[in-house]
Amino acid sequence: MSTYNLNRLTDLDEDSINAPDRADYVRKHHTRVLLTVIGSGAAALLFASFCGLFAIFVIFLAMFVGCLYSVRIFRFRLKDVFVVKNVTIAGTCVICAALLPLAVHFSSYIAISLIAIFVFIKVLINTVLFDVRDVEGDRLAGAVTIPVSLGRQKTRGLLLGLNSTLLPWIALSISQGLFYKFIAILAASVVYGYWYILRLCKDGAKIHKSVDLLVDGEWVLIAIVLAAIILGPAVWSSLLLL
């Protein structure tokens, strides 16, 4: 929340084109948004302190990279560098997803590595999809993103290729006996990835609102569908017995 809202404060010009409602809200509630940046960052560091110095370092590193991403220092920020912006977001998520488990308790290096790979690829895909949504504003702002540079069709091919790398990831996880409790939802995420890449990268697709629901709400939607599939027969059986 801290790094995301910091980026909302620094990206008002781009958001005025890509998401005018959001930009208007941030301008109107600038102080409130700034307080969430400071408050949530401080809370994260406080909670990390319960786990030790290494956990504090992990959170601080993620926040530091987030600042380099959003804030221009001598007219430079990571977000303005081609591809680096996407890798930075994905890498920051990996820092928290992979290193925090090591900070709290020792885990298998194979498991940690697989978590890092999965999170990196999923977040990388999602960041590019948001760039597809923001392509008009990025062009006007002079930002060279992957969709601006490659166009929608080539971007779609690139993202489908990245998503396909998660198929052997699923197979390797099963062969190693890892994540067996969650393998259904992880596999569903890969299948879902193909669908929303094709949906959002289609020429003429209107995705200003749907990208937030389909991408940011990915796990909620998948969980609802899987719950309906798994619990559906039991619910219908109970109703029939009544």
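**Notes on the predicted model**

1. Phe 179 is buried, with a relative accessible area of 18%, and the model in which this value was computed is a predicted one. The residue is found in the loop between helix 10 and helix 11, and Phe 179 has a positive phi of about 60 degrees although it is not a glycine. Phe 179 also belongs to one aromatic cluster, which it forms with Phe 118, Trp 169 and Trp 219.

2. On the side of helix 7 the contact involves Leu 114, Ile 117, Phe 118, Ile 121 and Lys 122, which meet Leu 166, Trp 169, Leu 172 and Ser 173 in helix 10. By class, the residues of this contact divide into seven nonpolar, one polar and one charged.

3. How do helix 6 and helix 7 pack, in terms of the distance and the angle between their axes? The axes of helix 6 (residues 84-104) and helix 7 come within 8 Å and cross at roughly 150 degrees, and the two helices are therefore roughly antiparallel to each other. Helix 6 passes helix 7 in a right-handed crossing. From helix 6 the contact residues are Lys 85, Asn 86, Val 87, Ile 89, Ala 90, Gly 91, Cys 93, Val 94, Ala 97, Ala 98, Pro 101 and Leu 102, and these meet Ile 112, Ile 115, Ala 116, Val 119, Phe 120, Val 123, Leu 124, Thr 127, Val 128 and Asp 131 in helix 7. Sorted by class, the contact of helix 6 with helix 7 has 17 nonpolar, three polar and two charged residues.

4. Helix 7 also packs with helix 11 (residues 183-200), at an angle of about 20 degrees and with the axes 11 Å apart. That angle makes helix 7 roughly parallel to helix 11, and helix 7 passes helix 11 in a left-handed crossing. The contact is made by Phe 118, Lys 122, Ile 125, Asn 126, Leu 129 and Val 132 of helix 7, together with Leu 186, Ser 189, Gly 193, Tyr 196, Ile 197 and Leu 200 of helix 11. Eight nonpolar, three polar and one charged residues make up the contact of helix 7 with helix 11.

5. Val 190, which lies in helix 11, is buried, with a relative accessible area of 2%. Residues up to four places away in sequence being left aside, Val 190 touches Asn 163, Leu 166, Leu 167 and Ile 170.

6. A search of the whole structure finds eight aromatic pairs. One of them is formed by Phe 47 and Phe 50 and is tilted, at 6.3 Å centre to centre and with 45 degrees between the planes. Phe 47 is exposed, with a relative accessible area of 52%, and Phe 50, at 62% relative accessibility, counts as exposed. The rings of Phe 54 and Phe 57 have their centres 6.5 Å apart and their planes at 15 degrees, so this pair is stacked. Phe 54 and Phe 57 both lie in helix 5 (residues 53-70), three residues apart, which is about one turn of the helix. With a relative accessible area of 39%, Phe 54 is partly exposed, and Phe 57 counts as partly exposed at 45% relative accessibility.

7. Leu 68 lies in helix 5 and counts as partly exposed, at 29% relative accessibility. What does Leu 68 touch, if residues up to four places away in sequence are not counted? The residues touched are Ile 73, Arg 77 and Leu 78. Leu 68 and Leu 78 are 10 residues apart in sequence and 6.0 Å apart in space, C-alpha to C-alpha.

How values were computed. Residues are numbered from 1 along each chain as its sequence is written. This is a predicted model: local features need pLDDT of at least 70, side-chain atom pairs count only at pLDDT 80 or more; totals for chains, interfaces and linings use all residues. Side-chain values use heavy atoms; hydrogens and water are left out. Contact means heavy atoms within 4.5 Å. Helices (H or I, at least four residues) and strands (E, at least two) are DSSP runs, numbered from the N terminus. Ala, Val, Leu, Ile, Met, Phe, Trp, Tyr, Cys and Pro count as nonpolar, Asp, Glu, Lys and Arg as charged, and the others, Gly among them, as polar. Rings of Phe, Tyr and Trp (its six-membered ring) pair if their centres lie within 6.5 Å; planes under 30 degrees apart count as stacked, over 60 as edge-to-face and the rest as tilted. Buried means under 20% relative accessible area, exposed over 50%, partly exposed in between (1.4 Å probe, protein chains only). Axes are lines fitted to C-alpha atoms, for helices over the stretch in contact, and angles run from 0 to 180 degrees between N-to-C directions. Angles under 35 degrees count as roughly parallel, over 145 as roughly antiparallel, 65 to 115 as roughly perpendicular and the rest as oblique. A crossing is left-handed if the near helix is turned anticlockwise from the far one by less than a right angle, and right-handed if clockwise.
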